[in-house]
Amino acid sequence: MDIKKGIIDGDRIALAKLITMAEDGKKEAMDIIKELYHRTGNAYLIGITGPPGVGKSTLTAKLARAYSGLGKKIGIIACDPTSPYTGGAILGDRIRMQELFTDPNIFIRSMGSRGHLGGLSRGTRVAVRIMDIFGMDYIFIETVGVGQSEVEIADTADTTIMVLAPGLGDDIQAMKAGIMEIGDIFVVNKADREGAEKTAREIDTMLDFNEKSTWRPKVIMTVAQDNKGINDVLHAIEEHMKYIKDSGIFASKRKEHIKEEILELATQNIMSEIMTGLSKEELLGIVDKVAKREIDPYSASIDIIKPIKGGIQK
Amino acid sequence: MLSKDEIDKIKRAREEWEEKSVSKTISRFPERKPKFATDSGIVVKRVYTPEDLQGQDYLNDIGFPGEYPYTRGVQPTMYRGRFWTMRQYAGFGDAEESNVRYKYLLSQGQTGLSIAFDLPTQIGYDSDHPLAEGEVGKVGVAISSLADMEVLFDGIPLDKVSTSMTINAPAAILLAMYIAVAEKQGVPMDKLDGTIQNDILKEYVARGTYIFPPAPSMRLITDIFEFCSKNVPNWNTISISGYHIREAGATAVQEVAFTLADGIAYVDAAIKAGLDVDEFAPRLSFFFNAHNNLFQEVAKFRAARRLWAKIMKERFNAKNPKSWQLRFHTQTGGSTLTAQQPDNNIVRVTLQALEAVLGGTQSLHTNSRDEALSLPTEDSVRIALRTQQIIAYESGAADTVDPLAGSYYVEALTDEIEKRAMEYIKKIDDLGGAPKAIEKGYIQKEIQDAAYEYQKAVESGEIVVVGMNKFQIEEEPPKNLLKVDPAVAEKQKARLARLKSERDNNRVKEALSGVEKAAKGEENLMPYIIEAVKAYATLGEVCDVLRSVFGVYQESVIL
Amino acid sequence: MDRPIRVLVAKPGLDGHDRGAKVIARAFRDAGMEVIYTGLRQTPEQIVEAAIQEDVDVVALSILSGAHNTLLPKVVQLLKEKGAGDKLVVGGGVIPPDDIPYLKSQGIAEIFTPGTPTSESIEFIKSHVRVEA
Ligand code: B12
Ligand SMILES: Nc1nc2c(ncn2[C@@H]2O[C@H](COP(=O)(O)OP(=O)(O)OP(=O)(O)O)[C@@H](O)[C@H]2O)c(=O)[nH]1
Ligand SMILES: [Mg+2]
């Protein structure tokens, strides 16, 4: 099938296939994306992050449904951890989004992290670009949610929503530094549970001590499961969008993200250059030498990038 | 209880025996496995001795049948008085067809009915709902309205049989229909005898026919408790089920623990709803599984009985001895039965049925040999029923009460299962009780882990399933399996269309708005539901009203 | 390059038997696949949409409710209608042998019945899926 044409014509199968090819690092995919790159830049990117099980997927589903009701086109990228041992993964976010399966405005893609650290999957960024090309108005990115610092999302999304839930007291303390910087909006989900107000107040207080920028993040309580508080979140997103656009932050943020992206791609390129210039046997040979203490790993690492270094200088 | 001296003597003798005889034998003939254990991870020792019963106090911990803590059974004479109720779960096709099957079973000496409904009925959809396509009458009987229910029990006197209905989320509606049919037969509510499963918590974790979220579901349940305690005094208002939990993959210990944790949640909810514990608790009943490990399963029943008695007396301060008694139905373990060499299943079922009898069950369903192939044929059901009858009439197993009591092994297992189940219940208490533990996915995860472990053990050959992963033969594909007539769906649709055109639709509308109002408020829903079904409002219509007020449940899965 | 096989494990219809589906989902994961589980009570339309969006290589349907002859062919037919007929569709559960030839004629590649080791279905998938290198 002609994927490029499919993408332009709004064919969802083409969209799905292009994401697969790009995630797998296929050259054909990158060629198409390069050609269509000029179409990107229109989608608004919303990151959804927070500890495991707080309701990220449920909230995403409800927000997507609300936007779909307004006639918007929505992409959702849901990341889950890949087992480092088997390479397998259970991608479990979609199960909370059952009600969206047949909504023609919504496209959901689950991705295994495939060894990528930082809270996103290996193919997340490129999938975002593809959905952007496809014409999505909003793209939601749900992070892996392993509870560690998932800072990468803030370098990818325009608005990042930090989702928390009551009864995470210690976790919040522990994440304090990290989360305060990441969140543009704070959602205390599961507000039907005891202690939600207390959690919301705690966060509010922490935010008071954290007046670094002129944007003061809102703290919103939701019961995502029952569709409560969803409109408040939606309004907060729109408000934050307006704020960053009016203040010029949007443009600089996007540039910053592009920089991150270029650097990340460059890193990937260098790695793959190294790996193509180096056979498995050669690499094992070097490893052996280090293991036998014939050379040290620091010098070895310089040695293996020498061929590329030459290339770059040229 | 033996004195400390005597125990010490036994201990020394045992150690000597181990040093001399055992080690000599083992050095020449090693044992089959380095470690023997049950599915619950309980390590099984080479022999059990009085040492294993050291802490046990006969009068307090074992006692006599019909007396607290009921370790030996809930009635003083048990099967010397009357055998357990032989109750085969059955139903398929439409009401007419199932009616014929029930009459056949009763004519064969079955002593109670057990109704299986099809999935649309269990999930609150009429036979003409789009989601019912392909499912009508497939795994149970299709009941969409009182008209169907009238046909189902035609010629079966409801004051003479006890009827168990496996119905959960819409239990109130089917009970209402049963009450209405009885009334037409001239049988008043207080003469009705039977059970509705009505156990929503295990639907969320193991069985899957939920409709509404937990809170309104619990309210429906406590409404039934209240209504029946006043109007249908002989009705078992709930059958708190471990059967399905075990079938979903749980171990024996988990079966006991999760079932009793669910039981605790229902008692809590009813008390919170303002009911007096001794008013409803005597009508609580239970439903357990009988898997293959003979002694563990017998011990499991005894442990469950003792643990529940303690919970009711100590935790809930129940005063009525009937509130302390755990009465239960048993079904043999479907998932232990194989598609390969299906006749072997008859043997498995025999062992499992014996366990239930040795464990003091009140009623029993024996699975058929074609369990893993399709719904059972009439021949297979007959053999399954005969299995029970042979145990009852020929084996002598029913002639004395709790015959395995005093076995060092069985008593030790009983203690161990109780202890381990209690640990789980504590953990669930810490999570905030069964509903919270379910919401967090804790119970589901525990069950799935056990199911996966079992699967891996079977595939590695660590667990032997005769005829399936060992002792296989070349087999012909099975013949003469039961097939449900696909015309059932069309017949049902036509019947529904006729009903909707013939009934008084104004009365239906009024009755449904009565249900809606009651659902939004706090009144007991039962009288409104009875009025609606009598007006021939359909099951789907009543459920739609409730769905619109209560919302629907979303499963919480963590794989 | 080597990439994981993507599988959608789905429960069509009103069937609540999910023990087998969850077991095979885990087994597939442990065999290095990326597994998306839909949860219970999925219509063929929902299953097909999910399969398309996730661009899975395999649609794995588990059904023990006896509604297989209605629901499984419908999934294949809808996949074809929507231009996603290239996916491998396999099924499993309590399915009488008599029905298997019909299901295969409708495009279900293979049916795995009770007692089949998960390794067998994994082998089948690995040898039939078209994951281009
Ligand atoms: C366990 C069980 C239950 C449990 C389910 C627990 C759960 N959460 O899953 C409980 C007790 C709740 C239950 C309830 C019912 N059950 Co039931 N149940 C069974 C039983 C005994 C075993 C199924 C099982 O889980 N086996 C273990 C797993 C690991 O095996 P499996 O699912 O077969 O999967 C293996 C293979 O089939 C294959 N496989 C399966 N799916 C797939 C998918 C793919 C893609 C692949 C590759 C492979 C694959 O691989 C697996 C590993 O080997 C079967 C009979 C039997 N022995 O098979 C009846 C059976 C399926 N149940 C049956 C019925 C009728 C019901 C009820 C509908 C009864 C009623 N009227 O209420 C209820 C309602 C359930 C519902 N909501 O849908 C009937 C179905 C009849 C039919 N199809 O014609 C059966 C066949 C019993 C019978 N003979 O009457 N049941
Ligand atoms: N009580 C309550 N439960 C909720 C609410 N929202 C979601 N849940 C439940 O919380 C559980 C987890 O929800 P998910 O949406 O999967 O959470 P998540 O953060 O995406 O989880 P991971 O992706 O696994 O980290 C599910 O059982 C939801 O049904 C809510 O508002 N209140
Ligand atoms: Mg999630």
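**Figure 1. C:His17 sits in a loop of chain C, between β1 (6–10) and α1 (19–30).** This is a predicted model, so read every distance in these legends as a computed value. The view picks out C:His17 because its loop joins two named elements, with strand β1 on one side and helix α1 on the other. What does the cobalt atom of ligand 1 get from the protein? A single donor: NE2 of C:His17, at 2.1 Å.

**Figure 2. Ligand 1 sits in a site built by two chains.** Residues from chains B and C both surround ligand 1, so the site is shared between chains. There are 45 residues around the ligand, and the closest are B:Tyr89, B:Glu371, B:Ser374, C:His17 and C:Thr116. Sorted by class, this shell holds 19 nonpolar, 19 polar and seven charged residues.

**Figure 3. Polar contacts of ligand 1 come from side chain and backbone.** On the chain B side, look for B:Gln122: an N or O atom in its side chain is 2.8 Å from an oxygen atom of ligand 1. On the chain C side, C:Gly16 brings a backbone N or O atom to 2.7 Å from an oxygen atom of the ligand. C:Gly66 also uses its backbone, with a polar atom 3.3 Å from a nitrogen atom of ligand 1. Which elements give two or more residues to this shell? From chain B they are α4 (119–122), α7 (200–207) and α9 (243–247), and from chain C they are α1, β3 (58–62) and β4 (88–92).

**Figure 4. Ligand 2 lies between chains A and B.** Of the 18 residues around ligand 2, the ones that come nearest are A:Lys56, A:Ser57, A:Thr58, A:Asp93 and A:Arg96. Helix α4 (residues 56–69) of chain A gives the most to the shell, with three residues. By class, the shell around ligand 2 divides into four nonpolar, seven polar and seven charged residues.

**Figure 5. Oxygen atoms of ligand 2 meet polar atoms of chain A.** Start with A:Arg96, where a polar side-chain atom lies 2.6 Å from an oxygen atom of ligand 2. A:Lys190 also uses its side chain, placing a polar atom 2.9 Å from an oxygen atom of the ligand. With A:Val54 the contact is to the backbone instead, a polar atom there being 3.2 Å from an oxygen atom of ligand 2. How much of ligand 2 does the protein cover? Taken on its own, the ligand has 650 Å² of accessible area, and the protein covers 89% of that.

**Figure 6. Three side chains of chain A coordinate the magnesium ion (ligand 3).** The donors are A:Ser57 (OG), A:Asp93 (OD) and A:Glu142 (OE), at 2.0 to 2.2 Å. Along the chain, these donors follow the spacing S-x35-D-x48-E. A:Ser57 lies in helix α4 of chain A, while A:Asp93 is in the loop between β3 (89–91) and β4 (106–112), so the pair ties together parts 36 residues apart in sequence. Are these two residues buried or exposed? A:Ser57 has a relative accessible area of 7%, which is under the 20% cut-off, so it counts as buried. A:Asp93 is buried too, at 8%.

**Figure 7. A:Ile220 belongs to strand β8 (residues 218–221) of chain A.** With a relative accessible area of 6%, A:Ile220 is buried.

Figure 8. Chain A contains eleven helices and eight strands, and its C-alpha trace spans about 60 × 50 × 40 Å along its principal axes. A compact globule of 314 residues would have a radius of gyration near 20 Å, and the 21 Å of chain A agrees with that. Chain B has 22 helices and ten strands. Its radius of gyration is 24 Å, close to the 24 Å that the globule rule gives for 559 residues, so chain B is as compact as a globular protein of that length. The C-alpha trace of chain B spans about 85 × 60 × 45 Å along its principal axes, and 58% of the residues in chain B count as buried.

Notes:
Residues numbered from 1 in each chain as written. Chains lettered and ligands numbered in written order. Predicted model: local features only at pLDDT ≥ 70, side-chain atom pairs only at ≥ 80, totals over all residues. Heavy atoms only, no water. Donors = N, O, S within 2.8 Å, 3.2 Å for Na, K, Ca; no water. Helix = DSSP H or I, 4+ residues; strand = E, 2+ residues; numbered from the N terminus. Near = heavy atom within 4 Å. Polar contact = N/O pair within 3.5 Å; in protein donor to acceptor, adjacent residues only side chain to side chain. Areas by Shrake-Rupley, 256 points an atom, 1.4 Å probe, with all protein chains shown as cover. Nonpolar A, V, L, I, M, F, W, Y, C, P; charged D, E, K, R; others polar. Buried < 20%, exposed > 50% of the residue type's maximum accessible area, 1.4 Å probe, protein only. Rg over C-alpha atoms; globule rule 2.2 N^0.38 Å.
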